[in-house]
Amino acid sequence: IQIFLLSQVKRFVSAKAVHDVRIAYDKFEDFMYHGHTRVLTEAPILERRGIGGELGQYFNRSRFYDLDEEDQAAACRIPLSQPLFFWVVLGVWTLVCVCEIRKSLDLFRSLVMNTDTCESMTDSLEDEDGEVG
């Protein structure tokens with residue numbers, strides 16, 4: 001069930017969001033660099049990136065205010081472009097990973113490191129109540 005749900009979320013939710021972000025960022029880059037861009041990919045969507053980067057000669061920060069309001073909003077709503085949101089997501093993910101590693105280490109210690117050894121498998125099980133069966 002989990003694999004099915006993950007594949008469907010990717011297909012119906014993530015794919016559309018990624019598609020929209022790529023289009024919005026392409027418009028932003030083309031406008032902010034005044035057409036001085038290089039083509040990163042053409043298929044399935046045209047993706048351009050500015051020549052010289054943010055510190056290059058073609059990038060004009062003041063052009064942002066000349067963008068359409070819709071394009072401004074789309075560029076500002078790219079999820080991981082917001083530092084606070086990005087760090088919170090990264091922090092939660094890190095905590096989850098650390099907890100999983102700790103659980104794995106605890107399980108390893110209890111099953112591998114702290115398990116007593118015995119001479120033969122006949123000695124491997126103990127009857128707790130002392131009765132047969």
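Visitor: What makes Arg61 count as exposed?

Guide: Its relative accessible area is 54% in this predicted model. Exposed means over 50%, and Arg61 passes that cut-off, so Arg61 is called exposed.

Visitor: Why is the contact of Arg61 with Glu54 called a salt bridge?

Guide: The two side chains meet with N and O 2.8 Å apart. The limit is 4 Å between a side-chain nitrogen of Lys or Arg and a carboxyl oxygen of Asp or Glu. Since 2.8 Å is within 4 Å, the pair Arg61 and Glu54 qualifies. Side chains of opposite charge can pair when their charged atoms come close.

Visitor: Is Glu54 buried, exposed or partly exposed, and how do you know that?

Guide: Glu54 has 47% relative accessibility. Buried needs under 20% and exposed needs over 50%, so Glu54, in between, is partly exposed.

Visitor: How do you know that Glu47 is buried?

Guide: The relative accessible area of Glu47 is 8%. Because buried means under 20%, Glu47 belongs there.

Visitor: What makes Glu47 and Arg49 a salt bridge?

Guide: Their closest N and O atoms are 3.3 Å apart, which is within 4 Å, so the pair counts.

Visitor: Let's move on to helix H3. Why are Lys103 and Glu100 said to form a salt bridge?

Guide: Here the closest N and O atoms are 3.6 Å apart, again within the 4 Å limit, so this pair counts too. Both residues lie in helix H3, residues 83-113, and they sit 3 residues apart, about one turn of the helix.

Visitor: What makes Lys103 exposed and Glu100 partly exposed?

Guide: Lys103 has a relative accessible area of 55%, and that is over 50%, so Lys103 is exposed. Glu100 has 41%, which lies between 20% and 50%, so Glu100 is partly exposed. Elsewhere, salt bridges with shared partners join Arg22, Glu47 and Arg49 into one network.

Visitor: How many salt bridges are found in the whole structure?

Guide: The search finds 9.

Visitor: Which residues form the nonpolar patch on the surface?

Guide: Leu80, Phe85, Phe86, Trp87 and Val89 form the patch, with about 510 Å² of accessible area together. Trp87 is placed in helix H3.

Visitor: What makes Trp87 exposed?

Guide: Its relative accessible area is 56%. That is over 50%, so Trp87 is exposed.

Visitor: And why does Leu105 count as partly exposed?

Guide: Leu105, also in helix H3, has 42% relative accessibility. This falls between 20% and 50%, so Leu105 is partly exposed.

Conventions. Residues are numbered from 1 along each chain as its sequence is written. This is a predicted model: local features need pLDDT of at least 70, side-chain atom pairs count only at pLDDT 80 or more; totals for chains, interfaces and linings use all residues. Side-chain values use heavy atoms; hydrogens and water are left out. Buried means under 20% relative accessible area, exposed over 50%, partly exposed in between (1.4 Å probe, protein chains only). Helices (H or I, at least four residues) and strands (E, at least two) are DSSP runs, numbered from the N terminus. Patches are made of residues with over 30% relative accessible area and no salt bridge: like charges are joined within 9 Å, nonpolar side chains (Val, Leu, Ile, Met, Phe, Trp, Tyr) within 5 Å. Accessible areas come from the Shrake-Rupley method with a 1.4 Å probe; for residues, only the protein chains shown count as cover.
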